[in-house]
Structure formats: structure tokens, C-alpha cells
Amino acid sequence: MKSIKRTQRVTSLIILLFIIGMAILVLKIIHESSFYMMNSDQLQLGYVYDRKGDVLYDGTGKGSYPDNYFIDVGNIIGDEKGQMDNTLVARNLEKLNNYNFSDGLLKDGGKAAIYTTLDHAANRAVFDAYGYMKGCVSAYNYKTGEMLVCTSLPSLDVTKGYDNIQSFESATLLSKNLYGTVPGSTQKVSTVISALEIMGSGLLYSKSYTCTGKYLNQTGGEIDCHNAYGHGTQNIQEAFENSCNPFFAQLIEDTDLPFERLKKQYEKLGYVLNGDKPKYLDIDGIQCATASTTLENPLEFKTQWGCIGQGDTLVSPIQLMMWESAIANETGRMTMPYFIDHVTNTRGTVKEKAKTKYSDKLFSENTASGVKQIMLTNGADRYSYLISGYNIGVKSGTAQVQEGAKENSLLVGFVDDPSFPIAFCILIEDKDSGWLTTENIAQVLLDNLKNNF
Amino acid sequence: MYANPVAYIFSCIFVIFAHSAMLVNIWFNGNFSETRDIAVLGAAVIILDIAFFVVILFFKQMSYVLDFLLILILNMSVIFQSCFICKFNIKHYITCIICLAASKCGYILCKNHKILQSNKKYIYGGIGLLLLLVLIVYFAKHDMWIRIGSFTLQPSEFIKPLFVLACATSIADQQKKHKILIFNVVYENIALFCIMAAICLVQVKSHDYGSLPTFISIYCVGFILRICYPKAKFSKKKLVAVIAIIVVFLLIGLKYAPEYVQHRLHVDIWSDKTGDGYQQSQALIAIANGGWFGVGPGRGYLSNIFAYDNDIVFATVSEEWGLLFALMMVLTILIITAVPLINPTRSYYHATMSSCICAAFIVQMALNIFGSCNLIPFTGVTIPFISSGGSSLLVSGFMTGMLTAGQSPVFNEHRSKSKSKSKKQEEAVPAWRWKE
């Protein structure tokens, strides 16, 4: 009988292993069933709402909306059709699908929905302010991380479908906020951060360089200033306000700013250097490109030009905006942005409530305070009459694109007000093609956000 | 009649009730276009139930549990397979009848180990012939199946019960050690190792990698039980050595597996869901679509996908009947394999046979279910009793008969003394027994 019991033990072990396997399988299926259904052709999508309950996307297709009602957020909210991959709906079909394992796919009455942090009215106002011009705007609450505005032009009304896709303008199907663009002089914010972090404020403020309108660097490269007559001798605050290229070229060359430490600081800020593999930030499933630049030799034109924000340097507007939060909060940590405030399941129960998250420390609190002060002074000196009613810290930039044939205008900044903590990045493409300025857009943006804040 | 006719009647009612409940579900939730089709299916199932209940009365067994479980699962299978095509699946029905007959053949052939022991050479010969047949079929048609009309037979399937018998019959010779040079050798072990090696070679040559784990499981269980016999406890050293050897062989096998096997090991079904991951991704979507209670018999879309009725049958049943019902189906098969735990076999030979069959059934089921659900690489083997396929059902039936034989063994020496009244009184009285 003992020997027969031995065989029973073997049989029991085999059965037990199988039961364990089945238990794992069942748990896996229940846990991943929404993902499986997301990959099927059968979807019953719900709604996407803005922060006040305004519809941004109607998955049921049953509602009727005014013409171009969704155009301001068309390429960031997107749809399920598959034409736009990097959008909120495309990346969150699982959350939006009216499916759960117990109830199955609900054709009617499902309450699955995504409640975003976006402000539809503000997005619309900013979108309309562009008129015929193109560009993008992103803005968020730098205390909480709530994305309030993320509009990009040209855009589309997803309810109209893609029958005339051939006639769509270039970049209609993507939000420019998520992709790298030449930052122009807004890059100088990163360079100032790095210089302050490495040299300290005492040493940096003691440095002064002369601008004669043109600077011939140590390897024979020529750095032009936008002011052909030159800015004369300046310190860091003056050079920042003047956006003086020769000053920053000389700062990069300075031996008090060790190049290896500069590179490390740039990497800490999130830059991919010298053609390394690109990286992406994940914002509720949406991929946002991180910054990239070339830093090879501090004495060469290419590196200096990169630190000034031209040439190979690319930064996404959202990344530019995120750095502002690390400065405005005076913590050196970026507040991570999010679009989804909460999600409801098929029964309307709230789940996945968003929480504020911060990045690792990019630079010290002292550096953050120092840069904040520089930007606030710049805002007060140069922009208080252009953007009225707000105590703002800003940096503008002009980016040469298409080999200098066109220029884009950028403005990054933040509002220094604890009750209205907004960081933003504004891009106007081909600025010379119209009358619009980034300051106009900033005014519209802040006024609209303030009204509904 | 039975010593306990109440148990017999209760079991009959339970099986008929279970099948009737399934038929009622089809009536209310099914997708059969013709009422007549449901009636035909219902009549066929109930008639087969009743006919089998009558037939088993003619077999003198100490336990009939496996018979009731077999008819329960087979007619469940008939109902499933009919729902997949929304009409009575007569081909599967006939195969199930053959399966029932095969179970009775298996019972009769295997209940007396002395006969099998003395005819062991025919078992080895049978395995050799079948291996040859597999090779001939492969080289002649580059195929694994022999087609007879609309029925297909897979010769390699028939090796399974013979291999189980080879493992079980070798137990008695485990004591006969022969000294070759300085080694104590058991000829049976060498013979079985050679058979296993031959099976592996032929299966690899004929590109039937899916069946290999089943054979390996039978061999491993047989080997473990052989090396532990007749000691009172497991030899841990040997056990560890065996496991280590298996792991080494597995690693070597995986490293040198052909390219298409390697690809299956690493395929990401969701990034290749229209290519190599098609069946698995569709299977998982179907399970999710079915939820706990299914979309209704015949209402699933997975029945439009290739191999819906065999390789991914668990998902097809889950979609139409729900995951809960599919799990009950699996539980029924598990109970079949677990019967020797509840009602122990009467000899080590039958115990070894039962363990090997349990291993074969469970490994096959695991390969099918876990493979189709992307928990392990997809192999394309069948679930015993449920998947369509003549040879699979035939062999599963035969092996269930072998399990039944373990429940009601015949011992020659007992038979010779059976006339003695005192011996008769010493025999244990099982719960269900034939009143002699």
C-alpha cells in the first residue's frame, strides 16, 4: 500500500501543478481581459470629457455637435480609427471601452469615460487666436501637473472622418506639443540652469563678456548676435534679457564651466546627447519626445550653437514647459503633467484618480531660485506691458528652421502666483507670415485660464 | 445488479440532467437556425447516455465512476462541437461512440497485468511498427495523418497507450539487475530509454514537436516510479539527478530547436496578431468576449478561426459557454485523472499505469490550454475528449479504459483461489460492486 501511495503522490503533484497553472491563467485572463478586448474589432467606447464636463470625444457617435467642435483638441484627444496613434483615445482605448469581464461588452448603458484635466474653452480660445497661423500651445498647473491646454495647429475635427485625408495639411494628425522643435533662445534657460548649478551664482554673476554683434570663437566659428551692433559688456542677467548669443558662446568656452559637468547637467535635465537613442516621456500613455542636442567640444561652433538653441537641438514644447515647473516651484524637480484626472468604469464608478508626481531632482533649490529670479526680472523688464495683469517669468526664443529660411517664435514661462500656478510654452511657426506674436497668445491663454480657474 | 442501485440511478440521473441542462441552454440562448437540429442533437445525446448506462451493466467492474465521467464529458463534447457548427455534428458523435467502445477494449485488455507482462514483446513490437508508420506517412506525404474518408488518424497518438503499457509492465523487472562490467544494469530501463529516444527522433523528424512533452511526461513518471520501486521512500538523490538531466536536455533542446520553433517561443502575439500570433490573440479575445457566462452556444466568432475545434477549443468553449463552464469541463477531466487518488488502484502495476495516463492527459491539456492562452508556446495538441480528432478521442477512450482497469483489476492467483469461500470473505467490499 505504501508504494501505491507513492504513485498517488506523483499523480497529486501533477494535478496540483496543473491547478496552479489554471489559477494563474484565470487570474491573468481576468486581469488582462480589457486589454484583449481593446485589440478586438468590437469596441463600445464611452466619452472623454474636459475638466468641466464638456465632451471632447464621443465614442458612441450618437451625439450631435457644432461644426469643428472638437478641432482645438482633435490631434491630442484623437479617436479610435487608427490614423492617429499618439493620442489620448488611441493610447487609452482599454479605459474607454465599455467592457468588463463580468458584464461583457455593454452595447448600451455603459458608463466608461475618461475625465481629462483639459479646459476646452481655453483651448478653443487659444486655437481661435492663431487665426490662419500655425503652431502649438501647452499649459499646465505646475503645482498639480494638470494639463490645461494642449492645442496644436493645424488640427482636425475627428467627427468628420478621414475621407479627404489627402487634402490635410502637413502635421494635422499630430500634436506638435509632443515632438521636438528647435527651441531657439528658450534653450538658454537650460544653459543658465547648468551654469548656475555648476558655477554657483557668485561666480556666474561675476562673469561678464563683450558682444560686438558677432563672436569669432577659439576654433574660428562665427556666432552671430541678433543685434548686429552688439550688446556691449554684459552680465548673465543682461545677456539673458538681451538673449545675446556671443555671451553664451563665451560662457560655454569658459574653463570655469567644465565641459564634462555641463554634459552631465544636460543629461540630468533629460537631454539625449550626440545622437544617442531617443527617449520619450510617458504622459497617460502618450509619448512625448525628450530633448536632444549636440555637445561634443565646447570650443566648436556646433556645441555652442546647440547651447544657444539652434542647429541640432530639439526640444518638445511640453518638455520646455515642464522645466518651468522645476523653476517656478523652486524645487529643481519637474511636476509631471497628466491629462487624465480620473476614469470611470462601465458602472460609473470612479477609478484611477490621478496623483501629482514629481521628477527626480534636476538641479538644486538655489539654482531654481536663481533662474526664477532671472526669468521674473526678464518678465518684469521686457514683458509686463505685453502680457498684462500677471507677474510672469519668461524667456522668448527665435528658432531658425528650414536652414534659416523661416523663423519660429517661442515663449516659455510661468506665472508667479500661488493661486494661479501656470507654466506654459507657446510656439508660432513662420512668425513673419503674420501679425501674431507669442505675447498675444500668452495673454489670451492666461486670461482664459484665469476666468475659469 | 449493483450492490448499491441507488448510486447507479443517481449517477444516471446526474449525467442526463447535466446534458439536459446544456440542451436547455442551447434552446434558449443558442444560435441554431432549425429547431429540428436541437431536437436531433438532444435525442442523440440522451439516447447515447441511456445506451451506455445499459451497456455498462454487462461489464463486471468494482467501480463505474470512470464510465459515468466518460459519458458525461463525451456528450458534453458532442454538444460543444455541435454548437460550433450550429447543427448536430454526426462525425464527432460517431467518434465519441468509438471512443466509448475503445474504453471498454482498454479495460478488458489491461485489467490483467500477467497477460500483458507475458506479451510484452508485442507491446514493444507495436511501438516499433507505429514509429515506422509515422516515418512512412511523413516521407510519403509530408504529413502526420492518415485519411480514411472524412476521418483522419494520427499514428503517433496510438503510441501513447502502448508506451504507458511498456512503462507499467517494466515495473516487475526492476529487481532483475544484471552486472555488465562494473555496472548493475536493468535491461528494462535501457529498453525504455531506447524507445523514448526513438520516439523523440521520429517525432522530431516528422516535425511533431507538440506530442513530445506528452511522451516525455509518460517516460518521466514511469521512470520515477521505477527507480523508487520497491523502496519504502523516494530516493532523493536519484530524483534530483533525473530532474537535472531533464532540465539539461530541455535546455539543449530549446537551444538547438529549429528556427520556426524558436520563433514560436519568442513570438509577441499582440505585435504580430495578424501573423503568427493570430490564433492565440483571437483565442484570448474570444475568452474575454465570453466572460464568465459566454455569449451563447453557437454565437461565438472564434468558430470561424482555423483549429477552433481542436487546438484552441478551450477558448471556443469559453466564448460560447463562458469561462466558468470551460473550467467545469476541465474539472471533469481532472476528476477522471484523479479517480485513482480517491479509489486507489490495487497493484503497483496499475498505479504506475494510472499515473502515466494522468501525466499524459494533464500535460496534453496544459499544452493545449496554456498554449492557446499564450502562457506557454503554442503547440497545437488536443484536449482529451473535447477536441475533435479521431485518433485523439480513440486513444483517450482507450486510456480511460486502462484507468478503469486499475479500478477493477484481475489477479490470476486470486482467480484460482476465488472458489475458496474464505478468500472471498477477505476481499474488501468496494462501494460499488457487481453482485456475484
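Which residues of strand β14 (residues 286-289) of chain A form the covered face, and which the uncovered one? The legend of View 1 gives the reply. The model is predicted: local features need pLDDT of at least 70, side-chain atom pairs count only at pLDDT 80 or more, and totals for chains, interfaces and linings use all residues. Residues are numbered from 1 along each chain as its sequence is written, while chains are lettered from A and ligands numbered from 1 in the order in which they are written.

**View 1. The hairpin of β13 and β14 in chain A.** The covered face of β14(A) consists of A:Ile286 and A:Cys288, and the uncovered face of A:Gln287 and A:Ala289. Strands here are DSSP runs of E with at least two residues, helices are runs of H or I with at least four residues, and both are numbered from the N terminus. Strand β13 (residues 280-283) of chain A pairs with β14(A) in the antiparallel sense through four bridges; two strands pair if DSSP finds at least two bridges between them. A:Tyr280 has A:Ala289 as its bridge partner in β14(A). Two residues lie between the strands of this hairpin, and A:Asp284 in the turn has a positive phi of about 50°.

**View 2. The five-stranded open sheet of chain A.** The strand order is β7-β6-β22-β21-β20, with antiparallel pairing. At the edges are β7 (147-153) and β20 (392-401) of chain A, each of which pairs on one side only. From one strand to the next the twist averages 10°. Helix α5 (residues 120-129) of chain A packs on the sheet and touches β6 and β7 of chain A; its direction makes about 30° with that of β7(A). Contact denotes C-beta atoms, placed from the backbone, within 7 Å; angles run from 0 to 180 degrees between N-to-C directions, and axes are lines fitted to C-alpha atoms, for helices over the stretch in contact.

**View 3. Strand β22 of chain A and the strands paired with it.** Strand β6 (residues 135-141) of chain A pairs with β22 (residues 422-428) of chain A through seven antiparallel bridges. Opposite A:Ile426 in β22(A) stands A:Val137, and A:Tyr140 has A:Ala423 as its bridge partner. Strand β21 (residues 406-415) of chain A is joined to β22(A) by six bridges, and the two run antiparallel. A:Leu410 stands opposite A:Leu427, and six residues separate β21(A) from β22(A) in their hairpin. In a regular strand the side chains alternate between the two faces of the sheet. In β22(A), A:Ile422, A:Phe424, A:Ile426 and A:Ile428 point one way, A:Ala423, A:Cys425 and A:Leu427 point the other way, and all are buried. Because seven of the seven residues of β22(A) are buried, the strand is largely enclosed by the rest of the structure. A residue is buried with 20 or more other C-beta atoms within 10 Å of its own, exposed with 12 or fewer, and partly exposed in between, the C-beta atoms being placed from the backbone.

**View 4. Helices α15 and α16 of chain B.** The axes of α15(B) and α16 (residues 390-407) of chain B come within 9 Å and cross at roughly 145°. Their crossing is left-handed, a term for the near helix being turned anticlockwise from the far one by less than a right angle (right-handed if clockwise). B:His350, B:Met353, B:Ser354, B:Ile357 and B:Ala360 in α15(B) meet B:Met399, B:Met402, B:Leu403, B:Ala405 and B:Gly406 in α16(B). The residues of this contact divide into seven nonpolar, three polar and no charged; Ala, Val, Leu, Ile, Met, Phe, Trp, Tyr, Cys and Pro count as nonpolar, Asp, Glu, Lys and Arg as charged, and the others, Gly among them, as polar.

**View 5. The largest nonpolar core.** This core has 123 residues, and those with the most contacts inside it are B:Val164, B:Ile218, B:Cys356 and B:Ile357. Its largest share, 17 residues, comes from helix α15 (residues 348-372) of chain B. A nonpolar core is a set of buried Ala, Val, Leu, Ile, Met, Phe, Trp, Tyr and Cys residues joined through C-beta atoms within 7 Å.

**View 6. The side of chain B that touches chain A.** Here 40 residues of chain B are in contact with 25 residues of chain A. With eleven residues, α15(B) gives the most to this side of chain B.

Technical notes
Contact = placed C-beta atoms within 7 Å.
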